[in-house]
Amino acid sequence: MAAAPIYFDHQASTPCDPAVVAAMAPYWSDDFANPSSRNHRPGLAAAAAVETARRRLAGALGVPAEAVLFTSGATEANNLAIKGLCEARMGQGRHLVTVATEHRAVLDPCRYLERLGFALTVLPVPASGLLDPAALGAALRPDTVLVSVMAANNEIGVLQPLAAIGALCQARGIAFHCDGAQWLGHLPLRPLDWGIDLLSFSGHKFYGPKGIGALVLAPGVEIAPQIHGGGQERGLRSGSVATPLVVGLAEALARALADAPQRQQRLLALGERLRLGLEALGGIAVNGALEPRLAHNLNVSVAGVDGGRLHRALRQQLAVSGGSACSSATGEPSHVLRALGLSRAAAAASVRFGLGRGTTDLQIEQTLASMGEIVKRLRQP
Ligand SMILES: *Cc1c(COP(=O)(O)O)cnc(C)c1O
C-alpha cells in the first residue's frame, strides 16, 4: 500500500504540539466553567487561566495585556480589524489600501467595504512579490483610513517591509493592519516597534490549535465590534471565550518562539537543499524573491508540464499545495501567483513546499527523487 504522503503543507496548517494539547487538557472537562461567570470560583479560575494566557501572549509581543483580543482565528481577526477600523473611522475618510497578494481573508473584507461605498486601492507588486513602500506612499490620500499589508506571504513566503510601511502610515495618521498569520511563531515580532496598529494571527500556523487566534490592537486604536452579544473582550468580540483554546494559543506561541531560531536554521538548510535539487531538474523557477523570505517556504513553477497532471501525480507521494489551501477548492490558479505576472498555466504548474518541525533530510531526498521522476515523465513528448 502507498505510504502516507510527505507533509509539505505547513503554510496551510501545522500539527498541534503534543505539549500544547497537554496544556489544554484540564480545561475541557475539569476546569470547564465559563470565564465570564465571575460569581463563582470555577468561573474565576477559568477567567484567571484566560488572563494568564493573555498576559503571556502580550508579553511575547511587547504589548499591554488588554491589547490582545481573542478571535476564532486570523480570518475573523482580519475581518474585525478591517471592517471594525473602517466603521469606526467612517467620519474621517472612506479609502483603504491593500495589496494584490494578500490572503482572501484580507481582500474579501476590503471588497465587501468597497461594495458598501468605500474606495479601495489594491496595489500591484513586481515579480518579487515585495511591496515598494514608495508605491504605497503614492497611493495614500487625505481620506485614507487604513492600510492592510501582510507580514509574510502564505503562498510565496516573502516578507513585506513592515517597518517602512508602518512609518508611512504613522506619519499620516493612517491605521496599519498587518495579517501576521505566517510570521508569528516563526520570526520575532513586536508590532508597536513597527507602527502596526492592528495585528492578526492564528494558532494553527505555529503548532497550536485551530479555531483560535487574536487581534492585537495598539493602545488608543478604536474599532467597532463586528460580533455583538455578551460584551466579552472589552465589548469588541462577543461570545464565550474558549478557555482551552486560548491556553493552547499562549503555550503554542511560547514553544514556537523558543525553538524558532534553531528550527528556522534547520529548515533554511533543508529548503536550500530542496531548491538546489529542484533547480537541477531544469526549467524550475522560484516564485517570489529569495530574500527576504520565510526559511520554511519554497514555491516553484515547473516549466513544460501541465499543472493538473503535475498535481495529480504529486498527490500520490506529497501533501503539497498549488495555491493557498483556502482557494484550492475553486480550482482557480492562485491570485497571488497571477499577481506576480505568472500565466494561468505557469501558476497552475506551481508547487508550494511548506516545511516544518517534522520535515527531515530523508523526506527532502525522497521528494527530490519523486519530483525528478514525475517531471521527467510528464515532460516526455
Ligand atoms: C491561514 C491564514 C489565514 C486564515 O487563518 P485562520 O485562522 O485559518 O482563519 C489568514 N491569513 C494568512 C496569511 C494565513 O496564512
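Does T71 count as buried or exposed, and at what relative accessibility?

Modeller: T71 counts as buried, at 2% relative accessibility. Buried means under 20% relative accessible area, exposed over 50% and partly exposed in between, with a 1.4 Å probe and protein chains only as cover. Before going on, the basis: this is a predicted model, in which local features need pLDDT of at least 70, side-chain atom pairs count only at pLDDT 80 or more, and totals for chains, interfaces and linings use all residues. Residues are numbered from 1 along each chain as its sequence is written, and side-chain values use heavy atoms, with hydrogens and water left out.

T71 lies in strand 2, which covers residues 68-71. Strands (E, at least two residues) and helices (H or I, at least four) are DSSP runs, numbered from the N terminus. In a regular strand, side chains alternate between the two faces of the sheet. Here L69 and T71 point one way, V68 and F70 point the other, and all of them are buried. The partner of strand 2 is strand 8 (residues 213-217), antiparallel to it and joined by four bridges; two strands pair if DSSP finds at least two bridges between them. Within this pairing, V68 stands opposite V216.

The side chain of T71 also has a contact of its own: one of its polar atoms lies 2.8 Å from the backbone oxygen of G73. A polar contact is a pair of N or O atoms within 3.5 Å; within protein, one must be able to donate a hydrogen and the other to accept it, and residues adjacent in sequence count only if both atoms are side-chain atoms.

A polar backbone atom of A74 is 2.9 Å from a ligand oxygen. On the side-chain part, an N or O atom of S202 comes to 2.6 Å of a ligand oxygen, and one of K205 to 2.7 Å. The ligand taken alone exposes 380 Å², of which the protein buries 88%; accessible areas come from the Shrake-Rupley method with a 1.4 Å probe, and for residues only the protein chains shown count as cover.

Two backbone angles around strand 8 deserve a check. Most residues other than glycine have a negative phi. Y207, in the loop between strand 7 (198-202) and strand 8, has a positive phi of about 70° although it is not a glycine. Y207 is buried, with a relative accessible area of 3%. In the loop between strand 8 and helix 8 (243-279) sits E233, also not a glycine, with a positive phi of about 50°. E233 is buried too, at 9% relative accessible area.
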